[in-house]
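Dear colleague,

Please find below the structure that I am handing over to you, together with its sequence. My notes on what was found follow it.

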Amino acid sequence: MSNTNNGFYGEFGGKFIPETLSFAIEELDQKYKSIRDSKSFQNQFHQVLKEFVGRPTALYHAKNLSEHYGGAKIYFKREDLAHLGAHKINNAVGQGLLAKQMGKKRIIAETGAGQHGVATAAICAKLGLNCVVYMGQEDIERQSLNVYRMKLLGAEVKSVHTGSKTLKDAINEAMRDWVTNVNDSYYLIGSVIGPHPYPLMVRDFQSVIGFESKKEILSVENKLPDYVVACVGGGSNAMGLFHAFINDEKVKLIGVEAGGKGVDTNQHSATLVKGKIGILHGTKTYIIQDEDGQITETHSISAGLDYPGVGPEHSFLKDTERAEYVAVTDEQALKALALTSKLEGIIPALEPAHALAYLEELAPKLSKDNIIILGMSGRGDKDINTIMQNMSL
Ligand SMILES: *Cc1c(COP(=O)(O)O)cnc(C)c1O
């Protein structure tokens with residue numbers, strides 16, 4: 001595996017944490033180092049991915065959509081087929097097994113759309129760990145189905161009433177809980193964000209997405225893709241898909257952010273496209289902030305992309321131009337969601353609908369022997385209420 005650079009990706013990353021957490025972060029860093037190359041841990045992880053998560057997930061040729069755009073051959077990496085309907089479970093399984101090995105009995109998590117909360121609740125149920133999930137009151141109202149699923153899986157859901165009552169505030173509360181209960185509790189972060197070693201660890205656990213895709217595309221096409229495209233919230237499904245291709249310089253990497261009502265309004269979550277460098281939740285990265293460095297409110301139709309920061313490795317990939325980051329609006333995402341549902345019989349989640357929307361620009365200008373792999377990070381069931389409110393049929 002690639003080097004860990006002490007948690008820095010160029011100038012980005014690091015661990016900007018309060019004194020009270022330094023022991024816990026050190027302990028985690030050491031423990032993660034020891035299991036990262038441990039055969040027995042990796043075997044156990046891959047066994048659970050196989051039996052509990054249902055891996056490997058399929059690589060699907062979206063023939064009708066490819067014909068519709070009349071350009072490149074489009075494949076979907078089907079994380080929507082993973083257990084519970086999104087890629088989040090890969091990371092939850094990895095960190096759950098790690099927490100268990102560390103002897104922690106209580107798991108703290110935060111969640112935006114609820115997918116990470118549900119995944120964490122599920123692995124905690126399986127491993128016999130107590131689970132507390134922090135969720136902003138606004139998201140609790142938007143995602144009532146996932147709140148109920150978490151409770152059914154035995155988790156306690158704690159409502160967060162501070163700030164904008166969304167993911168950023170839930171992370172603040174989860175970190176506060178961790179500081180207080182650091183001896184028996186493990187903080188299970190849901191994306192490639194936070195202080196080192198989280199961005200590295202979450203990317204490692206999610207990198208199964210890209211390694212499988214690479215093997216699958218080589219077996220059906222006998223060559224690498226020209227483009228790999230994924231949506232970026234915190235950036236875990238994108239990093240998971242990109243990682244296996246980073247050293248294949250001919251493979252272009254594109255991350256699609258949430259442009260909300262437009263990147264020239266103040267209602268978007270396009271952190272890499274419009275943000276400035278700062279520190280948020282323990283890591284140095286691009287952030288959506290005002291002139292005074294205050295985090296500003298973000299907006300996306302998709303709760304899973306509604307976060308003012310982004311993983312530090314993405315910031316590095318942007319500045320070194322190894323990856324390109326673009327944004328599409330709520331409206332474009334909804335349109336792509338409808339089109340994919342109708343043409344392919346797959347209802348995507350609102351998050352990957354953003355990546356799908358970018359195909360309209362990318363696919364037609366490529367030729368029939370170009371290949372695009374798109375990260376289908378999750379299925380749309382959780383979003384049906386939001387979709388219904390925004391689209392009449
Ligand atoms: C949470 C989520 C995302 C966004 O998170 P990343 O860390 O950027 O991957 C994207 N898609 C789905 C389906 C999600 O649940």
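Which residues of helix α7 (residues 144-152) are buried? Please note, before the reply, that this is a predicted model. The buried residues of the helix are Asn 146, Val 147 and Met 150. Seen down the axis of α7, these residues fall within an arc of 105°, so they line one face of the helix. In general, an α-helix has 3.6 residues a turn, so residues three or four places apart point the same way.

The other side of α7 carries the exposed residues Leu 145, Tyr 148, Lys 151 and Leu 152. As for the buried residues of α7, their packing partners are β5 (106-111), α5 (115-127), β6 (130-136), α6 (137-142) and β7 (156-160). After α7 comes Gly 154, which has a positive phi, near 95°.

Strand β6 contains Cys 131. This residue has a relative accessibility of 8% and counts as buried, because buried means under 20%. Leaving aside residues up to four places away in sequence, Cys 131 touches Ile 107, Thr 120, Ala 121, Cys 124, Ala 155 and Glu 156. Between Cys 131 and Tyr 69 there are 45 Å in space, C-alpha to C-alpha, and the two are 62 residues apart in sequence.

A further point concerns the surface. Phe 8, Phe 16 and Ile 279 make a nonpolar surface patch of about 260 Å². Of these, Ile 279 belongs to strand β11 (residues 276-280) and is partly exposed, its relative accessible area being 47%.

Yours sincerely

Notes. Residues are numbered from 1 along each chain as its sequence is written. This is a predicted model: local features need pLDDT of at least 70, side-chain atom pairs count only at pLDDT 80 or more; totals for chains, interfaces and linings use all residues. Side-chain values use heavy atoms; hydrogens and water are left out. Buried means under 20% relative accessible area, exposed over 50%, partly exposed in between (1.4 Å probe, protein chains only). Helices (H or I, at least four residues) and strands (E, at least two) are DSSP runs, numbered from the N terminus. The arc is that of the directions from the helix axis to the C-beta atoms. Contact means heavy atoms within 4.5 Å. Patches are made of residues with over 30% relative accessible area and no salt bridge: like charges are joined within 9 Å, nonpolar side chains (Val, Leu, Ile, Met, Phe, Trp, Tyr) within 5 Å. Accessible areas come from the Shrake-Rupley method with a 1.4 Å probe; for residues, only the protein chains shown count as cover. A salt bridge is a side-chain nitrogen of Lys or Arg within 4 Å of a carboxyl oxygen of Asp or Glu.
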